[in-house]
Amino acid sequence: MTPLPSDVLPKGIRSRLIRDVNGITMHILEAGFETPGRQAVLMIHGFPELAYSWRKVMLPLAAAGYHVIAPDVRGYGRSDCTDVKYGDDLRPFGALNKIHDMFALICALGYRSVAAVIGHDQGSPTAGWCAMARPDVFRSVVMMSSPLRGGVDSLPFNTASVPPAPAQPNRIHEDLARLTPPRKYYMKYYTTEPANENMWHAKQGLHDFLRAYYHMKSADWAPNQPFPLKALTASEWEKLPRYYVMDLDQGMAESVAPEMPSAQQIADCQWLPDSELRVYSDEYGRNGFQGGLQGYRSNPDEPDLAIFAGRTIDVPSMFIGGKHDWGVYQTPGLLERLESRLTTRYQGTVLVEGAGHWVQQEQPEIVSGLFLEFLKRNSGT
């Protein structure tokens with residue numbers, strides 16, 4: 001594998017491969033690398049994204065004096081493990097190994113700690129776990145678009161002499177299937193074997209699939225007017241758009257196809273012009289999506305997360321989302337849990353106007369400003 005060609009990157013951002021990072025070669029983008037001794041900021045992308053997703057916010061942070069590091073997460077882009085198969089071992093893609101990956105990366109780059117770890121979408125919980133597990137290394141954290149999920153508040157306590165309580169099964173997926181029309185949750189779908197093939201070789205073509213997917217989850221899609229849901233029930237979840245709670249008989253490619261933007265809408269899309277979308281479609285066209293989908297199969301309910309039972313995030317923290325992003329609300333109570341129970345030095349929630357799920361790409365100037373204010377408060381610069 002080779003680095004990304006420089007002609008697809010903004011001037012001042014470089015691509016390189018870092019070998020022997022927790023047993024793999026990891027591809028990173030970085031800005032502010034020219035001057036030694038800077039504080040580092042680590043940025044972790046989500047699905048279906050890449051290190052490239054941070055391109056619009058890296059240079060402002062570098063201009064403020066930071067060394068900004070954005071890896072392709074294991075299984076994505078030009079990092080190793082993109083050739084993973086559905087039946088392969090899931091452990092390398094679990095939460096604990098992702099923490100190891102991030103720690104090993106900054107060590108490989110010569111850092112004992114970073115000023116902040118910032119995560120978006122699937123990278124948001126990874127950032128939260130990093131800060132929870134090693135507050136000495138990840139000295140502050142910004143979680144974006146997806147509140148920290150997974151783990152448990154406490155383990156069963158003082159139960160040795162108490163008869164076990166009967167298990168209470170969660171039947172929400174069965175309840176979704178009984179709706180009219182029948183529905184299914186996208187994270188459940190992403191754990192199935194057909195999901196990779198459905199998106200990789202979408203009937204409309206991979207590039208058009210990604211265009212529709214990115215459009216439908218952005219502020220450009222007018223129906224994105226989210227609001228808090230009352231409960232984690234099928235009757236509430238059916239209020240979510242089809243990219244979250246899909247028709248039971250359709251894959252993701254079919255779910256987003258009806259909302260493919262027009263040629264004029266594509267031409268008018270300033271935050272993701274077709275030339276930039278082509279970077280994503282070229283990378284996913286080569287690798288497919290299974291490396292990213294493995295994370296959905298490990299998280300958020302993997303047993304290893306129980307080691308965090310009762311732990312809080314004790315470094316400065318905040319949450320940023322788009323005002324038009326259903327991801328903030330898809331799991332009722334999750335954001336409130338983050339704000340009030342999982343963090344002890346919480347510095348606020350900001351929902352950005354004019355942004356959907358892809359907040360740092362849709363409104364990079366606002367998001368860069370929020371990052372810089374947070375870093376100034378918490379890193380002494």
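Helix H6 (194-200) and helix H11 (274-287) each supply at least two residues of the lining of the second largest pocket, and H6 gives the most, with 3 residues. Helices (H or I, at least four residues) and strands (E, at least two) are here DSSP runs, numbered from the N terminus. This is a predicted model, in which local features need pLDDT of at least 70 and side-chain atom pairs count only at pLDDT 80 or more, while totals for chains, interfaces and linings use all residues. Residues are numbered from 1 along each chain as its sequence is written, and side-chain values use heavy atoms, with hydrogens and water left out.

The second largest pocket has a volume of about 200 Å³, and of the 14 residues that line this pocket, the closest to its centre are Val 84, Lys 85, Asn 196, Trp 200 and Gln 290. A pocket is an open set of points on a 1 Å grid over the protein atoms alone, where a 1.4 Å probe fits and protein lies on both sides within 12 Å along at least five of seven lines; lining residues have an atom within 4 Å of a point. Grid points are joined across faces, edges and corners, and the volume is the space filled by probe spheres set on the points. By class, the lining has 4 nonpolar, 5 polar and 5 charged residues, where Ala, Val, Leu, Ile, Met, Phe, Trp, Tyr, Cys and Pro count as nonpolar, Asp, Glu, Lys and Arg as charged, and the others, Gly among them, as polar.

How do the axes of helix H1 (residues 55-63) and helix H15 (residues 364-379) cross, and within what distance do they come? They come within 9 Å and cross at roughly 40°, the axes being lines fitted to C-alpha atoms over the stretch in contact, with angles from 0 to 180 degrees between N-to-C directions. H1 and H15 are therefore oblique to each other, a word for angles that are not under 35 degrees (roughly parallel), over 145 (roughly antiparallel) or 65 to 115 (roughly perpendicular). In the contact (heavy atoms within 4.5 Å), Lys 56, Val 57, Pro 60 and Leu 61 in H1 meet residues of H15 that include Phe 371 and Leu 375. By class, this contact has 8 nonpolar, 1 polar and 1 charged residues.

| Cis peptide bond | Omega |
|---|---|
| Phe 47 and Pro 48 | about -10° |
| Thr 180 and Pro 181 | about -5° |

Pro 48 lies in the loop between strand S3 (40-44) and H1, and Pro 181 in the loop between helix H4 (172-177) and strand S7 (183-185).
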